[in-house]
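Please consult the sequence and the structure shown below while reading.

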Amino acid sequence: MLTIESINTYYGNIRALKNISIDIAQGEIVALIGANGAGKTTTLKSISGITPPRTGRIRFMGKEIQNAAPEKIVAMGLCHVPEGRHIFPQLSVMENLEMGAFLRRDKAEIKKDLDYIMSLFPILAQRRKQAGGTLSGGEQQMLAISRALMGRPKLLLLDEPSLGLAPLIIRQIFEIIEQINRSGTTIFLIEQNANLALKSSHRGYVMENGEITLTDTADKLLSNEDVKKAYLGI
Amino acid sequence: MKKKTPFDDIRTEYELDYSKARKNRFASEQQTVSIILDPDIASVFKASESVNKALRALLEAVPHTKHCAEDPKKDHLHP
């Protein structure tokens, strides 16, 4: 579904990603783990067209997207939930969700998707008229994921969905991520919480200093001694 | 009838209509562009500096393209 071939992304003269190659098949949950500053967020931003790679290729559903505009990438079926949620704090929950479908013209289907999201996150249905900025951290994360789902993604990119949330809420968010995956959406997830990310994923990639240093099934990464020592605190 | 979009690979429920789009006055001007080099070219030119140097020499050598550098949106070698 998504093939990243040897991409290099720069911030000015600083090379943030060094020959990154990643494959994601349809139906998978794939985790990208690594320390702070390893290049995980830049990888997601490169895929969604926010910081396009200077060299290399990214193919999504067989089409090259490394030079495509972000809105075109969304329209092709690839939606990004950014780190820190970035919901619209002044807009209501409902308006935030409508923004996720801003580029769509199929009103009847948008209504169906809103109903689906309200069933997935009943708390958002209760708070539909409330301003986004007044929600708790967990609710804002649910809203950010829901806003992305309103774009009807085939592939959902999630940047640190557990960031700043209480353990109980994190567990709830990850259960919902797995549920979204079971309903047919492929997920590429980046997390500093490696244990949590790998337990929910099929496969994983380990990133250090802008490079992929290891890739394997999630089970094997969880039992890998180096990964245990460096990322799982065992 | 559905309006034609400039893209042929976006999903049918989407419509990218730029007719009312305006430039973001808060955004800085795009100064660079990403170009993909074919492997044979990339094996010779390994850094942006060397590519820029070679292309500046080409601009000097082809008078028609030199004055057209003011219109960066157009590929003047392939009009």
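Helices and strands are DSSP runs numbered from the N terminus, a helix having at least four residues and a strand at least two. The model is predicted. In total, 13 salt bridges are counted over all chains. The second largest pocket has a volume of about 930 Å³.

**Salt bridges between distant parts of the chain**

- Arg59(A) and Glu5(A) form a salt bridge in which the closest N and O atoms are 2.4 Å apart. This pair links distant parts of the chain, with Arg59(A) in strand S4 (residues 55–60) and Glu5(A) in strand S1 (residues 2–11) of chain A, 54 residues apart.
- Arg59(A) has a relative accessible area of 26% and is therefore partly exposed, since this class lies between the limits of 20% and 50%. Glu5(A) is likewise partly exposed, with a relative accessible area of 31%.
- A salt bridge also joins Arg203(A) to Glu28(A), with 2.6 Å between the closest N and O atoms. Here too the pair links distant parts of the chain: Arg203(A) belongs to strand S9 (residues 203–208), whereas Glu28(A) is in the loop between strand S2 (14–24) and strand S3 (29–34) of chain A, 175 residues apart.
- Glu28(A) counts as buried because its relative accessibility is 13%, and buried means under 20%.

- Glu225(A) forms a salt bridge with Lys228(A), the closest N and O atoms lying 3.5 Å apart. Both residues are in helix H10 (residues 225–232) of chain A; because they are three residues apart there, about one helical turn separates them.
- Lys228(A) has a relative accessibility of 22% and so counts as partly exposed.
- Salt bridges with shared partners connect Arg104(A), Asp106(A), Glu109(A), Lys112(A), Asp113(A) and Arg152(A) in one network.

**The second largest pocket**

- The volume of the second largest pocket is about 930 Å³. Its lining comprises 29 residues, of which Pro70(A), Glu71(A), Val74(A), Met99(A) and Leu103(A) are the closest to the centre of the pocket.
- At least two lining residues of the second largest pocket come from each of helix H2 (70–76), strand S6 (78–81), helix H3 (93–100) and helix H6 (137–149) of chain A.
- The lining of the second largest pocket consists, by class, of 19 nonpolar, five polar and five charged residues.

How values were computed: Residues are numbered from 1 along each chain as its sequence is written. Chains are lettered from A and ligands numbered from 1 in the order in which they are written. This is a predicted model: local features need pLDDT of at least 70, side-chain atom pairs count only at pLDDT 80 or more; totals for chains, interfaces and linings use all residues. Side-chain values use heavy atoms; hydrogens and water are left out. A salt bridge is a side-chain nitrogen of Lys or Arg within 4 Å of a carboxyl oxygen of Asp or Glu. Buried means under 20% relative accessible area, exposed over 50%, partly exposed in between (1.4 Å probe, protein chains only). On a 1 Å grid over the protein atoms alone, a cavity is a set of points where a 1.4 Å probe fits but cannot get out, and a pocket is an open set with protein on both sides within 12 Å along at least five of seven lines; lining residues have an atom within 4 Å of a point. Grid points are joined across faces, edges and corners, and a volume is the space filled by probe spheres set on the points. Ala, Val, Leu, Ile, Met, Phe, Trp, Tyr, Cys and Pro count as nonpolar, Asp, Glu, Lys and Arg as charged, and the others, Gly among them, as polar.
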